[in-house]
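Dear colleague,

Please find the structure below, handed over for your records. My findings follow it.

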Amino acid sequence: MREPQKSRLRTWAKRIAVDVAVGYLLGCAVGMLMMNTLMFRPHAPSYSWESPHVVNIGGASAPIAALWIPNAATNRVILYSHGNGEDIGDFAGFYGLFAEAGLSLLVYDYPGYGLSAGKPTEQGAYDTAEAAYRFLAERCAVAPSDIIALGRSIGSGPACYLAEKYPVGGLVIESGFTSAPRVVTRIRILPFDPFPNIRRIPNIPCPKLFIHGTVDGTVPFAHAKAMLAAAREPKAHLWVEGAGHDDILDALGEAAYFEALNALADTGQD
């Protein structure tokens, strides 16, 4: 190949490299700006402060709304982190099933959800999860070993955060992901990685239960299998054949669902 041709090829290669780099940086910038919008989808509040079991676990100036449904017959509490398109009022009937199954329940709203103040962000979800933990530990005198952190879908992020940072009796990941962006990208291609569950899960010592539908069209089943593989013992899984992202309870049945939760709670007491 003659020298002028080599020079032109080098010039084209440099231009392509620059274009790719600029495109990547622009994509990252857009991704950072759009990430909160993509991750969080709050709607108008479906409840009021007068609704049954609704409490403010924050302060007067920065309220954090939660449903607190205690069961006097047990010390065990499920600290529930919900999905991105719902608030605590959407499944009031479902939440009542926890008490019937012999468990207390605290489920809270992230900033910008329901009646919780602020705008939804990753850090805001962590902050409200910590406030929920402190409410149980300090105001309700619940022992850490009796707190089971359960995160559904995007709630797997704050649930993993809690279980890595604080002592808990167990962790349940239902329809969860390895990280939020990897639901779309499958692998890490961005310099930021909101809700990095796959990085946190190896550091979590408490008993863990992974629940996932085998035909989940929102968070692929592969995420659950990767999380299970990365987790240390003790761990268990419950793969729900034919279930998607939002129909775990219907496909599995109430009895089997709550039997699995109570079994995990029993493991945490050993």
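This is a predicted model: local features need pLDDT of at least 70, side-chain atom pairs count only at pLDDT 80 or more; totals for chains, interfaces and linings use all residues.

Residues are numbered from 1 along each chain as its sequence is written, and side-chain values use heavy atoms, with hydrogens and water left out.

Helices (H or I, at least four residues) and strands (E, at least two) are DSSP runs, numbered from the N terminus. The axes of helix H3 (residues 122-139) and helix H4 (residues 156-165), as lines fitted to C-alpha atoms over the stretch in contact, come within 9 Å and cross at roughly 55°. In H3, Ala125, Tyr126, Ala129, Glu130 and Tyr133 are in contact (heavy atoms within 4.5 Å) with Gly157, Pro158, Tyr161, Leu162 and Lys165 of H4. By class, this contact of H3 with H4 comprises 7 nonpolar, 1 polar and 2 charged residues, with Gly counted as polar, Tyr, Ala, Leu and Pro among the nonpolar, and Glu and Lys among the charged.

The structure contains 0 disulfides, a disulfide being a pair of cysteine sulfur atoms within 2.5 Å. For Cys206, the closest cysteine sulfur, in Cys160, lies 9.2 Å away, which is too far for a bond.

Pro52 is located in the loop between helix H1 (3-39) and strand E1 (54-56). Its C-alpha is 9.2 Å from that of Ile69, and the two are 17 residues apart in sequence.

With kind regards

Key. Axes are lines fitted to C-alpha atoms, for helices over the stretch in contact, and angles run from 0 to 180 degrees between N-to-C directions.
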